[in-house]
Amino acid sequence: MHGDLTPSTSLTSIGTSAPASPEPPVASNDDTTPSVEWIPPGIAGDLASRKNYPDQVMSPSGLQAAGTEALAQLSLAPGQRVMDDSQQGTYDILIIGARVAGASLALLLGERGYRVLMVDRDLFPSDTFSTHFLNSRVVALLNQLGVLADIEAAGFRHITRSRTYIEDCIFEGPMAPEGAFALAPRRDMLDATIIEHAERRGDVVFWERTHADGLIWEDGQVTGARLTSHDGEHREVRARVVVGADGKYSKVAKWVRAAAYHEVAPLRSVYYGYFQDVTPLLETAVELFFVQDRIGYIFPMQPGLDCLALELQPEEFAPFRADPQGVFEAIFRALPGMAARLRDARLTGKMMGTAGIPNHFRQAFGAGWALTGDAAYLKDPSTGFGIGDAIMQAMWLAEALDATLRGADWETTLSAFQRRRDETFLPAFEATLAVTREHDGTEDDLAWLRGAMANPHTARAIANRLPSALSGILPAPMWSYLKATAQAFGAKPAADQTPVPA
Ligand SMILES: Cc1cc2nc3c(=O)[nH]c(=O)nc-3n(C[C@H](O)[C@H](O)[C@H](O)COP(=O)(O)OP(=O)(O)OC[C@H]3O[C@@H](n4cnc5c(N)ncnc54)[C@H](O)[C@@H]3O)c2cc1C
């Protein structure tokens with residue numbers, strides 16, 4: 001994705017002073033560049049527990065102020081996570097990229113006793129270009145990683161309901177089975193918490209503001225990488241395996257020429273921003289608005305703070321760029337009930353956006369290298385699966401690498417990893433493409449919907465006949481996905497035996 005961000009004049013690369021990258025820019029809010037080198041996430045969590053001050057909870061300026069105080073208390077030197085001569089040597093694993101994919105993998109391998117070096121060109125905690133809705137299955141994965149308690153300490157609202165607007169008709173129901181909930185923790189906090197656990201729980205060294213410039217090859221095998229620190233120092237590091245967890249524009253994937261497959265060009269453009277004081281619903285719900293071929297999202301974060309997003313048709317991107325905030329707010333205010341709910345709301349930071357996200361899988365491994373996270377498998381964010389998929393890949397890849405480092409055959413083990421990834425994710429990938437391509441119904445369709453909603457007895461009769469009615473009319477990937485979700489709510493397997501996503 002090139003030149004896809006807006007407003008181009010106000011964008012900077014987030015949280016990095018590493019050498020200028022030739023990669024596409026990351027959409028950013030200027031405010032997100034921390035002024036201190038590092039703030040332990042535990043401390044960020046303590047701060048975040050001041051629930052009445054969402055500004056201080058999540059805004060980088062709040063973290064900065066608090067970080068200075070915290071660093072003084074702990075006598076931690078800024079710039080602690082730099083290339084350090086004492087760390088020279090060969091590592092078991094070198095991970096390039098330290099957000100959800102890389103940090104989860106580092107945590108899991110570090111816990112298994114491997115010597116891991118993880119590098120990232122960014123300075124942490126810092127934001128990245130992503131909203132951050134985590135469904136209940138991803139919350140369960142965070143719990144499995146052992147990081148959920150620290151994330152919870154920041155006081156995020158438990159999202160237990162899902163509300164869908166089709167023009168002026170509303171459908172609402174539970175988000176997840178009884179007791180489960182979704183969360184929307186901002187990336188600065190989520191990523192930094194996983195990094196901090198990785199460092200604390202295993203033999204994991206992390207160099208931030210360190211840019212990977214290229215790979216080292218010996219006899220056709222990747223054996224390390226060339227790195228540059230923020231102050232221009234160059235270093236070659238050797239590892240038994242190099243993992244690219246470097247995101248959707250992965251340089252590692254490019255260097256190893258990892259083939260892409262199931263490729264689909266970007267389908268929708270996306271804009272989002274953080275708003276304070278949006279009038280909340282009585283019960284915390286994620287809200288999706290399907291109006292005029294746009295999708296609006298409200299992701300509740302802490303009390304008083306929401307992430308609002310819009311997915312648009314590609315042709316709307318150019319007019320949007322001229323005045324992102326003005327157009328965004330005008331569209332949102334026109335959504336059902338939103339004029340009143342946005343009366344006292346205000347944007348914090350800037351709007352961020354992209355013309356679109358490509359969709360594909362990539363070859364996941366080769367001689368001495370592997371890919372994970374968005375570097376390996378990328379899709380439109382409309383279904384919000386990216387973070388959970390990155391954590392799941394980290395879990396499977398950690399298992400596979402553990403086996404090979406203990407002697408299992410590389411080709412066989414990594415092939416099985418890639419097959420597992422593809423077979424598990426392909427149904428959700430296809431469902432994502434289907435929902436992203438879906439257009440809103442015609443005026444005639446809407447008249448039928450309104451007719452059904454106007455008469456509760458009709459609505460009830462339709463609900464009673466859903467399982468048999470829908471199998472024939474939903475696109476196959478969406479039907480498959482619905483079955484999996486219904487089964488999570490206790491539905492018996494439906495009459496037809498279409499396989500469901502694992
Ligand atoms: C607009 C948008 C909204 C989204 N909303 C959601 C959502 O609500 N829920 C959800 O689950 N997912 C969402 N996603 C998807 C999610 O953001 C990604 O799936 C997730 O960030 C992937 O994590 P990652 O660790 O693989 O990559 P990234 O988060 O992109 O991290 C890659 C890291 O690699 C580093 N790096 C890159 N190159 C180098 C280099 N050469 N040297 C050193 N470091 C390098 C970068 O600095 C970066 O920190 C959204 C995505 C977008 C674009």
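With that, the shell around the ligand splits into 16 nonpolar, 13 polar and 7 charged residues. Now the housekeeping. This is a predicted model, where local features need pLDDT of at least 70 and side-chain atom pairs count only at pLDDT 80 or more, while totals for chains, interfaces and linings use all residues. Residues are numbered from 1 along each chain as its sequence is written.

So, which residues come nearest to the ligand? Out of 36 residues around it, those are G97, S130, G247, G373 and G386; "near" here says that the C-beta atom, placed from the backbone, lies within 6 Å. Elements giving two or more residues to that shell are α4, β6 (210-218) and α12 (386-405). Helices are DSSP runs of H or I with at least four residues, strands are E runs with at least two, and both are numbered from the N terminus. The largest share, 4 residues, is from α12.

Let's stay with α4 and α12. Their axes come within 8 Å and cross at roughly 35°, with axes fitted to C-alpha atoms over the stretch in contact and angles running from 0 to 180 degrees between N-to-C directions. On the α4 side you've got V100, A101, S104, L105, L108 and L109, and among their α12 counterparts are I387, A390, M395 and L401; contact asks for backbone-placed C-beta atoms within 7 Å. By class, that contact has 13 nonpolar, 2 polar and no charged residues.

The other neighbour to look at is α7. Helix α4 (residues 100-111) and helix α7 (residues 187-201) have axes that come within 8 Å and cross at roughly 20°. They're therefore roughly parallel to each other, the cut-off for that being under 35 degrees. In this contact, α4 residues including A103, L107 and E111 meet α7 residues including D191, I194 and R201. The class count is 8 nonpolar, 3 polar and 3 charged residues.

Last stop, the sheet. It's open, with 3 strands in the order β9-β15-β18 and antiparallel pairing; a pair needs at least two DSSP bridges. β9 (260-264) and β18 (377-378) are at the edges with a single partner strand each, so one side of each has no neighbour in the sheet. β9 pairs with β15 (residues 359-362) over 3 bridges, and Y261 has F361 as its bridge partner in β15.

Technical notes: Angles under 35 degrees count as roughly parallel, over 145 as roughly antiparallel, 65 to 115 as roughly perpendicular and the rest as oblique. Two residues are in contact if their C-beta atoms, placed from the backbone, lie within 7 Å. Ala, Val, Leu, Ile, Met, Phe, Trp, Tyr, Cys and Pro count as nonpolar, Asp, Glu, Lys and Arg as charged, and the others, Gly among them, as polar.
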